[in-house]
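Hi there,

Here is the structure I promised to pass on. My notes follow below it.

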Amino acid sequence: MTKPKHVLGISGGKDSAALAIYLRNTYPQLDINYYFCDTGKELDETYQLIERLEGYLGKNIEKLEPKEVKALGENPFDYYYQSYRGYLPSNVARWCTKKMKLEPFEAYVGESPTISYVGIRGDEDREGYISKKGNIQSIFPFRRNIWSEEIIKRVLSTKESEHIMDFYRGVLSGNSFDKVARLINEPLILEERNPEQNKRVTQEKLNLLFDQGLPEFNQVVFKYLKDKNYPISLEEDYPLLYNEDVLVRDDIFKLLRESEVGVPGYYEKMDYEVDGQTGQYARSRSGCYFCFFQQKIEWVWLHEQHPDLYLQAMEYENEKEGFTWNQNESLQDLIHPNRIHQIKSEHLNRMNREKSKGSKYLLDKVIDAEKDCIACFG
Ligand code: SF4
């Protein structure tokens, strides 16, 4: 029987690097191929992390570049920037992720059945920007629920309940089986226009099922998928079915530090001074140094910590009139001393407010609004 390919995309961020370390240590029997989609505009810290990770894994991390770009020996971002006639990408015209991350990944996988490991943590509530190609199946090892939304939807649908109960008969009995039977036969009532509430109701039901046995739930899903043409159906057994680990942010940092791969340099917090007070900033993500998703304080960080890159980002704005990385503010305006002072003060106030609320991970709060890009920031 053809076996599926197992792949893991390294974004240059902490979570995907930690996932590579975790899978290598916990499931060495999985033969995983690693890849990195290079935009040619990453920070040096990202390339350094990849090098250290290759050393630790003892495996090459394949650098994927679109064929047409590779043949010309051009910088991937600049190539597409020209072909989009100097239109900078933005969150509403996000050609960068499509052209430099998703398409090279799909070309790399081709039509082979593929299991793709995704580093979304157990303390996150998102699915990420994942490929929807039928031959690519995403698995989420850091979460209690390793399956994608699409699979869970199928497993919990009323029309599959008899089928699912048949599989449960093979793995559970007694009280646990009765509880599961009640849960499975109780229809999941979802409201058409309320995705957030639907997500919560689905998660509650899932948690109750998981409480009756997580490996048992996973075995049921695995059996259910056997005749459903998912890549995992080509596996005879799958070690992650028995996985009960849930990894959250602290675990990720611990894994990175203990492996000596280390935390990417841009996460290290640096002090800044404003009005006699000390604040701290860092970059909260991997990805292109000029990423339009970054917050104002991260632009200030870039200006103060990597002034050469800030200047290069400014040059893109100068090439085409009216185009800026940030809405309503050019990079030239952003580094006016009064504006830097204002950005730092606002940032410090926000940090202090979060601190007084007891929030632990202030830097992660900064990126909450854009946490959909596993390809760039995971
Ligand atoms: S990091 Fe930002 S700019 Fe770079 S590809 Fe991703 S979304 Fe686009």
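Which residue in E5 is the bridge partner of Tyr 117? It is Ile 139. Before the rest, two notes on the source. Residues are numbered from 1 along each chain as its sequence is written. This is a predicted model, where local features need pLDDT of at least 70, side-chain atom pairs count only at pLDDT 80 or more, and totals for chains, interfaces and linings use all residues.

**The sheet.** Five strands form an open sheet in the order E3-E2-E1-E4-E5, with parallel pairing (two strands pair if DSSP finds at least two bridges between them; strands, E, of at least two residues and helices, H or I, of at least four are DSSP runs numbered from the N terminus). At the edges sit E3 (61-64) and E5 (136-139), each pairing on one side only. From one strand to the next, the twist averages 35 degrees (angles run from 0 to 180 degrees between N-to-C directions, and axes are lines fitted to C-alpha atoms, for helices over the stretch in contact). Four bridges join E4 (residues 114-117) and E5 in the parallel sense.

**A helix on the sheet.** H5 (residues 95-109) packs on the sheet and touches E1 (5-9), E2 (32-37), E3, E4 and E5 (contact: C-beta atoms, placed from the backbone, within 7 Å). The direction of H5 makes about 145 degrees with that of E2.

**The helix pair.** The axes of H1 (residues 14-26) and H2 (residues 44-57) come within 11 Å and cross at roughly 0 degrees. H1 and H2 are therefore roughly parallel to each other (angles under 35 degrees). Ala 17, Ala 20, Ile 21 and Arg 24 in H1 meet Leu 49, Leu 53, Tyr 56 and Leu 57 in H2.

Best wishes

Definitions and conventions. Parallel < 35°, antiparallel > 145°, perpendicular 65-115°, else oblique. Contact = placed C-beta atoms within 7 Å.
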